[in-house]
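This report concerns a single protein model. The sequence and coordinates are shown first, and selected features follow.

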Amino acid sequence: MDEQYQEALKRIQTARQKNSWELDLSHLQLTEFPKEILELTNLMWLDLGNNQLSTIPEAVGKLTNLENLYLENNQLSTLPEVIGKLTNLETLSLENNQLSTIPEAIGKLTNLENLYLENNQLSTIPETTGKLTNLKNLELENNDFQIGAEIYDLPPREQIKEILKWQRAQQAGTLQSIHEAKVIFIGESNYGKTHLIELLRKGEIQREITTTHGIERSQITIPYQAKDIRLNIWDLGGQEFMRSTHQFFFSERTLYVLVTLARRERNELNHWLKLANQLGNQAPVLVVINKIDLDSHDLDRRSLQRDYPNIIGFVRTCIHDCQECNATETLELLKNRIIATVSDQDIMPGVFEQRPPAWFTVKAELEKLETQGKDFITYQEYENLEFIKDLPEEERKSNLKLLNMIGAVVSFVDDPRLIDTNVINPQWIMDGVYAIINDPKVKEETKGQLHIDDLERILPIEKFPKGRHAYLLELMKKFNLCYAAKDQRDIYFIPDLFEDIEPDFAWNGDEFMRFRYNYDDFPPDVFMTRFIVEMHQDILEEKRWRSGVFISNGSCRAKVHQTYRKNYIHVEVMGNKGEGRSYTNSTSNVDRVDI
């Protein structure tokens, strides 16, 4: 008997003597389940995690008082059916094992609140898991399920329902591959994104191309084995004042094509690459160095790929022939690189994920509505769609969440302020927000102050009915583009339009605490907009400007502002040292505001 097994027996003996309700046998490298545990029928908490167990005995069913059972990081390939007798279990941890099946009896664990099964070899779950109605936490990632990755973002009960639907469709042989990819062209304005897209689609420029304001969407079909792949191309305008709206549409499961020029500032590239990383969850990025007919230099590729490993490659392009390159050949190279990327199941597995027929039915119906000129539908209209109307309410919301995750609709079904507007045409959002932040009165006269009634003047009524005005403002609030006034009804402020000049304000004292944050990756003004919105409840006497703000929590005051000489945010805090340090800790979160 080895030393660690003896240690386990010692702990079991101690637990027996004390009639203990808990037992920790983790990290002992146990290769078999100590049968002596079965004598401790009062156990409520048992940890056997981080061992080398390959089986659990049938006799474990005797431990009927167990509420928490931890078996993670072992070598279990099966669980006994008798697990169903542990009906008091609230937590069952089985992650990082080798489980290929789960027993039907798991459905008897109706008190289960936490079920951890990630990093196993599961390809199905039993139908009985649908009975686990008290689940609060469910982890199933990194198994062998043939399901869409967005399923894992759903609440536990909805996850189970969707997986079971997937399995039924799989058994019936009705699953279909998506064979679609979202490709977003990003980069500064006037770098040639729209020209490149037009040439990729049609082989020539057939229209007058002007600066893209908002979004232009188009499609390209590429051949792939028995079924073509559809590329949904998104051309995002690169103007600086529209960047804050990009977050509405950046997503995972996307190929980002960053169009830039040679010898650009690293900060400029960092901005777009960071956005793709943060909002796209490190989605693949193809860097296009355009207009090489005007500048033959290159980028520091090795350095960029070292800092951003999700860069899958570089392509040099031009739309005019020059001595060193043929424009047609460079465009063909770009097209082939895009095709190779979206056709690679390792780089973009989402393209080849399968969906049940119902998913395609709803998706097709939404696309049909968009072709008919519909920009959005109400939740009631969504409920009346042919496939949706016969589903239970919970499943209706679940389907809408899935459609939102893959980009078929922009929907926030869990937000009561936004649920009734489900946007089919994302350009509708861009047009509305663009009109608001570029309105001459709001921009020049009121310097960012907006009354909700102003939207009747700003937005065309036929496209933006009055009933949808609140949606646009709530959406802007949700993404920290504006905030509501504290004491004035229906008044909103847009920090990006504030005065550039710092207001007069008595700010002096001998005991400042001073801090400085360096922003190499994002311009400080982008940060300040978000910070002012986040902290607007603390603003002192409306003393704020485009690049700074005075705030107070009642006992301490702070001045937070950017510098123009370098990418710095300065924080000055005034107050007694104890309270001042506490408030400093809250303002120090500025460097973690998601931009």
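Is Cys-318 buried or exposed? Cys-318 has a relative accessible area of 0% and is therefore buried, where buried means under 20% relative accessible area, exposed means over 50%, and partly exposed lies in between (1.4 Å probe, protein chains only). The model is a predicted one, in which local features need pLDDT of at least 70 and side-chain atom pairs count only at pLDDT 80 or more, while totals for chains, interfaces and linings use all residues. Residues are numbered from 1 along each chain as its sequence is written, and side-chain values use heavy atoms, with hydrogens and water left out.

**Cysteines**

Zero disulfides are found in a search of the whole structure; a disulfide is defined here as a pair of cysteine sulfur atoms within 2.5 Å. For Cys-318, the closest cysteine sulfur belongs to Cys-325 at 3.3 Å, which is too far for a bond.

**Accessibility of selected residues**

| Residue | Relative accessible area | Class |
|---|---|---|
| Cys-322 | 26% | partly exposed |
| Lys-335 | 29% | partly exposed |
| Asn-142 | 53% | exposed |
| Lys-447 | 25% | partly exposed |

Lys-335 belongs to helix α6, residues 327-342. Helices (H or I, at least four residues) and strands (E, at least two) are DSSP runs numbered from the N terminus. Between Lys-335 and Glu-462 there are 127 residues of sequence separation and a C-alpha to C-alpha distance of 39 Å.

Most residues other than glycine have a negative phi. Asn-142, which is not a glycine, has a positive phi near 60° and sits in the loop between β6 (137-139) and α2 (156-172). Lys-447 is likewise not a glycine and has a positive phi of about 55°; its loop runs between α11 (440-445) and β17 (449-451).

**Nonpolar cores**

A nonpolar core is a set of buried Ala, Val, Leu, Ile, Met, Phe, Trp, Tyr and Cys residues joined through side-chain atoms within 4.5 Å. The largest such core comprises 58 residues, and Ile-429, Tyr-471 and Ile-494 have the most contacts inside it. Helix α10 (residues 426-437) gives the most to this core, contributing six residues. A second, separate core has 55 residues, including Leu-30, Leu-122, Tyr-152 and Leu-402.

Contact means heavy atoms within 4.5 Å. When residues up to four places away in sequence are not counted, the residues touched by Ile-494 include Ile-436, Ile-437, Val-442, Leu-450, Met-476 and Leu-481.

**Strand pairing**

Two strands pair if DSSP finds at least two bridges between them. The antiparallel pairing of β18 with β19 (residues 491-493) extends over two bridges, and Ala-484 stands opposite Tyr-492 in β19.

Elsewhere, β21 (residues 539-545) and β22 (residues 548-552) pair in the antiparallel sense over three bridges. These two strands form a hairpin with two residues between them, and Ile-539 stands opposite Ile-551 in β22.
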